[in-house]
Amino acid sequence: MNQRELFLKHVAQTSYSPMMGIDLNIVSAQGSVLVDVNGKSYVDLISGISVSSIGHCHPKVVKAIHNQASKYMHLMVYGEYNQTPQVKYAQVISSHLPSNLNCVYFTTGGSEAVEGAMKLAKRVTGRTKFISFKNAYHGSTQGALSLMGDEYFKNSFRPLLPGVEILEFNNINDLNKINTDCAAVFIEPIQGEAGVIEATVDFLKALQIKCKETETLLVFDEIQTGFGRTGKLFAFEHFNIEPDILLVAKAMGGGLPIGAFISSKENMNHFCDNPVLGHINTFGGNAVCVEAALASLNVVLEDKLVQRAMWIENFVKFNLKNPRIKFLRMKGALGAIEFESVEFCQRVIKKCIENGVISDWFLFCDKAMRIAPPLNIEEADLSHSLKIINNSINDL
Ligand code: PMP
């Protein structure tokens with residue numbers, strides 16, 4: 001059996017044709033460029049879905065990983081030891097957040113941050129109902145899946161959590177369904193898998209007022225939009241609205257698996273009693289992952305990658321013009337190129353990959369192709385990618 005056959009046989013698959021049937025066996029990844037086993041190069045125009053925001057194998061992240069791995073990796077389950085990397089990271093990230101977001105619970109990824117936040121909201125409010133929005137993606141575990149704003153992906157897994165109500169995104173009237181039974185509202189201020197759909201300022205302001213009125217916690221899922229992706233360190237800064245709980249993951253670790261839910265110390269204290277160990281896990285905040293996260297955050301800040309995301313937005317808007325593109329939505333370096341049909345979009349993506357530019361589509365917007373390159377992508381690589389997209393469209 002060749003490796004492709006072994007991959008399909010022994011590595012659990014989530015579709016019958018991963019990457020549209022194109023066999024990507026990558027042997028190295030540096031910056032924005034992936035190289036496959038045959039020596040072919042690809043520009044990673046999606047950063048492994050908004051993870052490699054500072055590029056693959058950033059030397060400062062690699063160095064931090066080596067340093068920490070030689071000191072210690074896993075010491076103890078979450079929360080028991082006073083671990084320097086966790087303390088440093090929590091302190092630094094808090095200094096870049098509003099004062100109520102001053103306490104960090106480290107997880108191993110995004111869905112787990114969502115699950116933790118759901119439990120926290122139940123404890124803080126003593127309520128059990130949750131609100132989320134149409135076309136929301138919050139993860140694949142059962143609590144997070146319950147919040148998903150799409151029935152197709154949920155139907156085969158019912159029963160899911162009771163008491164979840166899905167409202168229309170950007171519909172202010174629908175917010176009247178939020179009441180004093182609600183523990184929390186989960187929202188992506190800029191919806192990722194819906195195809196880069198921004199909340200309006202009026203909608204988020206009305207949502208915040210409704211949450212305050214009903215004492216419902218407001219949870220911003222910035223797992224995809226965090227760490228500079230949309231032209232602010234966190235997308236909520238575009239709206240001047242502060243959440244009660246912030247969820248992060250993906251780009252946080254500079255390529256290593258880590259996430260967090262961040263809230264006030266007062267809220268987090270609820271996990272300390274009734275029951276004690278109210279939320280625990282083994283690997284959350286793994287020292288090597290946290291050091292990678294700290295190095296990654298420093299790169300975002302020192303190299304001014306938040307501003308670079310805005311440069312990417314302008315560069316793409318200026319250089320990508322084709323009559324067959326129906327809509328181009330860009331928020332910083334998170335973009336969706338929407339075409340007439342799903343079929344056409346799939347053909348463009350496939351052609352781009354064959355021509356050395358990696359992209360994909362959005363879970364709830366399969367007519368649109370994703371652009372989410374590393375924020376420090378070289379101008380030449382971005383320019384080349386846009387030409388390939390253009391040529392691929394024109395060739396079809
Ligand atoms: N929320 C959002 C907005 C996401 O984009 C994702 C991942 N695509 C998740 C939650 C779930 O994160 P993970 O895949 O790390 O569990």
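Strand 2 and strand 3 make a hairpin, with 4 residues between them, and Gly39 in the turn has a positive phi of about 85°. Helices (H or I, at least four residues) and strands (E, at least two) are DSSP runs, numbered from the N terminus. Before going on, a word on the model: it is predicted, so local features need pLDDT of at least 70, side-chain atom pairs count only at pLDDT 80 or more, and totals for chains, interfaces and linings use all residues. Residues are numbered from 1 along each chain as its sequence is written, and side-chain values use heavy atoms, with hydrogens and water left out.

## The open sheet

Strand 2 covers residues 33-36 and strand 3 covers residues 41-44, and the two pair in the antiparallel sense over 3 bridges. Two strands pair if DSSP finds at least two bridges between them. Looking along the pair, Val35 stands opposite Ser41 in strand 3, while Val33 has Val43 as its bridge partner there.

Val43 also stands opposite Val357 in strand 15. Strand 3 and strand 15 pair in the parallel sense, over 2 bridges. Put together, this is an open sheet of 4 strands in the order 1-2-3-15, with mixed pairing. Its edge strands are strand 1 (26-30) and strand 15 (357-358), each pairing on one side only. As background, strands of a sheet pair through backbone hydrogen bonds, either parallel or antiparallel.

## Another hairpin

Strands 13 and 14 form a hairpin with 2 residues between them, and Gly332 in the turn has a positive phi of about 60°.

## Around the ligand

Now for the ligand. The residues surrounding it are Gly109, Gly110, Ser111, Tyr137, His138, Gly139, Glu188, Asp221, Ile223, Gln224 and Lys250; a residue is near a molecule if one of its heavy atoms lies within 4 Å of it. Sorted by class, this shell has 2 nonpolar, 6 polar and 3 charged residues. Here Ala, Val, Leu, Ile, Met, Phe, Trp, Tyr, Cys and Pro count as nonpolar, Asp, Glu, Lys and Arg as charged, and the others, Gly among them, as polar.

| Side chain | Ligand atom | Distance |
|---|---|---|
| Ser111 | oxygen | 2.6 Å |
| Gln224 | oxygen | 2.9 Å |
| Lys250 | nitrogen | 3.3 Å |

On its own the ligand has 390 Å² of accessible area, and the protein covers 80% of that (areas come from the Shrake-Rupley method with a 1.4 Å probe).

A few loop residues deserve a look. The peptide bond from Arg158 to Pro159 is cis, with omega near 5°, and Pro159 is found in the loop between helix 6 (142-146) and strand 6 (164-167). There is a cis bond from Asn274 to Pro275 too, with omega near 0°; Pro275 is in the loop between helix 8 (265-268) and helix 9 (287-302).

Then there is Asn135, which has a positive phi of about 65° although it is not a glycine. Asn135 lies in the loop between strand 5 (129-133) and helix 6.

Key:
Polar contact = N/O pair within 3.5 Å; in protein donor to acceptor, adjacent residues only side chain to side chain.
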